[in-house]
Structure formats: structure tokens, C-alpha cells
Amino acid sequence: SQYSTTTLQSYRAAWRDFLTWWAGTRNADAWELRLEEEGLPLPPFEAIAGYLQDRKDMAWSTLTGRRQAIRLVHLHYDMRDPFEQSEVRKTWAEVRKQKQEEESASRPIGSDHGAAEVIENGLELLKNHFEGRRAGRT
């Protein structure tokens, strides 16, 4: 595997959290029946959207770890990326917007970027920062 032991442990814990949530939802029986009927190895996309909605109060870094774990399991089964499916993509966008609003409200004065933006665009932000510093010195 290309991932460290610690990363894999984190992804396994994230996947277990999703499965535990899924097993405890009111619709788990209906989803399990659908899995059997359609021969699906994984919970349907609407389960992922529901999970994200229920877990939206987690820290952004935790949510992005959950996202990556779910994506990797789907990749393992050669299934479509759930985060490219409309229902999951819409829910992820809503959660991301909420996190950005929370960060904006709690961001220290003088800070241009919140944690969610740094996690998603960190290398580009760092590159722009250094380019701006170079331009300011010449």
C-alpha cells in the first residue's frame, strides 16, 4: 500500500464509523434489502449523503478523512466515486459551505484563509504567498 500504517488505521476507523452509523439508521433494513436485491457490495449513495449530513458537526479535517476513506473503499471495489454522484456531491457542498461559514465567523482578524481552504488548497496558497512576498521585495 502507498499509505502509512497510521493513515490506514485512520481510514479503517473512519470506514467503521460509517458502517456503524449505517447499521444504526432507521433505514438500514431497507438499504440492506436493496444491497441484496441489486447485488451491491457497498451501501448506496444516499446512505453516504445521510452520513455526511449527520456528521456535519465534526471537524473539517475529520470529515475530509471520512471522505477519503469512503472513496478508497469504492475504488477498491472498482465502483464509481460517490463524491461525484449528485446527491453526495450536493450534501458535501452543503457541509463544506457550513464549515466555511463557521470558519469565517471564528477566524482571527487579519487571517485570510480558514482551515478548510488550507486543507483543500494548501500548496496553491503557499505558492501564492511566496510569489507575493517575492513581488513585494523587488
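This is a predicted model: local features need pLDDT of at least 70, side-chain atom pairs count only at pLDDT 80 or more; totals for chains, interfaces and linings use all residues.
At a relative accessibility of 17%, Asp-81 counts as buried, because buried means a relative accessible area under 20%.

## Overall organisation

The protein contains six helices and zero strands. Read along the sequence, its pattern is α-α-α-α-α-α. Of its 138 residues, 32% are buried. Among contacts between residues at least 6 apart in sequence, 65% join residues at least 24 apart.

Helix α1 covers residues 5-24, a run of 20 residues. From its first C-alpha to its last it reaches 28 Å, close to the 28 Å expected at 1.5 Å a residue. Its buried residues are Tyr-11, Ala-14, Trp-15, Asp-17, Phe-18, Trp-21 and Trp-22. Seen down the axis of α1, these buried residues fall within an arc of 150 degrees, so they line one face of the helix. The face of α1 turned away from the buried side carries the exposed residues Thr-5, Thr-6, Thr-20, Ala-23 and Gly-24.

## The nonpolar core

The largest nonpolar core has 20 residues, and the members that touch the most others are Phe-18, Ile-48, Leu-52, Ile-70, Phe-83 and Val-88. The elements giving two or more residues to this core are α1, α3 (45-54), α4 and α5. Helix α3 gives the most, with six residues. In soluble globular proteins, nonpolar side chains tend to be buried together.

Ile-70 lies in helix α4 and is buried, with a relative accessible area of 1%. Leaving aside neighbours within four places in sequence, Ile-70 is in contact with Trp-15, Phe-18, Ile-48, Tyr-51, Pro-82 and Phe-83. The C-alpha atoms of Ile-70 and Ala-14 are separated by 8.0 Å, while the two residues are 56 residues apart along the chain. Val-88, not counting residues up to four places away in sequence, touches Phe-45, Ile-48, Ala-49, Leu-52, Pro-82 and Phe-83.

## Salt bridges

The structure holds four salt bridges. In one of them, the side chains of Arg-55 and Asp-17 meet at 3.0 Å, N to O. Arg-55 lies in the loop between α3 and α4 and Asp-17 in helix α1, so this pair ties together parts that are 38 residues apart in sequence.

Asp-17 also forms a salt bridge with Arg-66, the closest N and O atoms being 3.3 Å apart. Here Asp-17 of helix α1 meets Arg-66 of helix α4, so the pair ties together parts that are 49 residues apart in sequence. Asp-17 and Arg-66 are both buried.

Arg-71 lies in helix α4 and Asp-81 in the loop between α4 and α5, so the pair ties together parts that are ten residues apart in sequence. In this pair, Arg-71 is partly exposed, whereas Asp-81 is buried.

## The loop between α4 and α5

Asp-78 is also placed in the loop between α4 (60-76) and α5 (86-106). Its phi is near 55 degrees, a positive value in a residue other than glycine. Most residues other than glycine have a negative phi. At 73% relative accessibility, Asp-78 counts as exposed.

## Accessibility of selected residues

The table below brings together the accessibility values of residues discussed above.

| Residue | Relative accessible area | Class |
|---|---|---|
| Ile-70 | 1% | buried |
| Asp-17 | 17% | buried |
| Asp-81 | 17% | buried |
| Arg-71 | 25% | partly exposed |
| Asp-78 | 73% | exposed |

Note on methods:
Residues are numbered from 1 along each chain as its sequence is written. Side-chain values use heavy atoms; hydrogens and water are left out. Helices (H or I, at least four residues) and strands (E, at least two) are DSSP runs, numbered from the N terminus. The expected span of a helix is 1.5 Å times one less than its number of residues. Buried means under 20% relative accessible area, exposed over 50%, partly exposed in between (1.4 Å probe, protein chains only). The arc is that of the directions from the helix axis to the C-beta atoms. Contact means heavy atoms within 4.5 Å. A nonpolar core is a set of buried Ala, Val, Leu, Ile, Met, Phe, Trp, Tyr and Cys residues joined through side-chain atoms within 4.5 Å.
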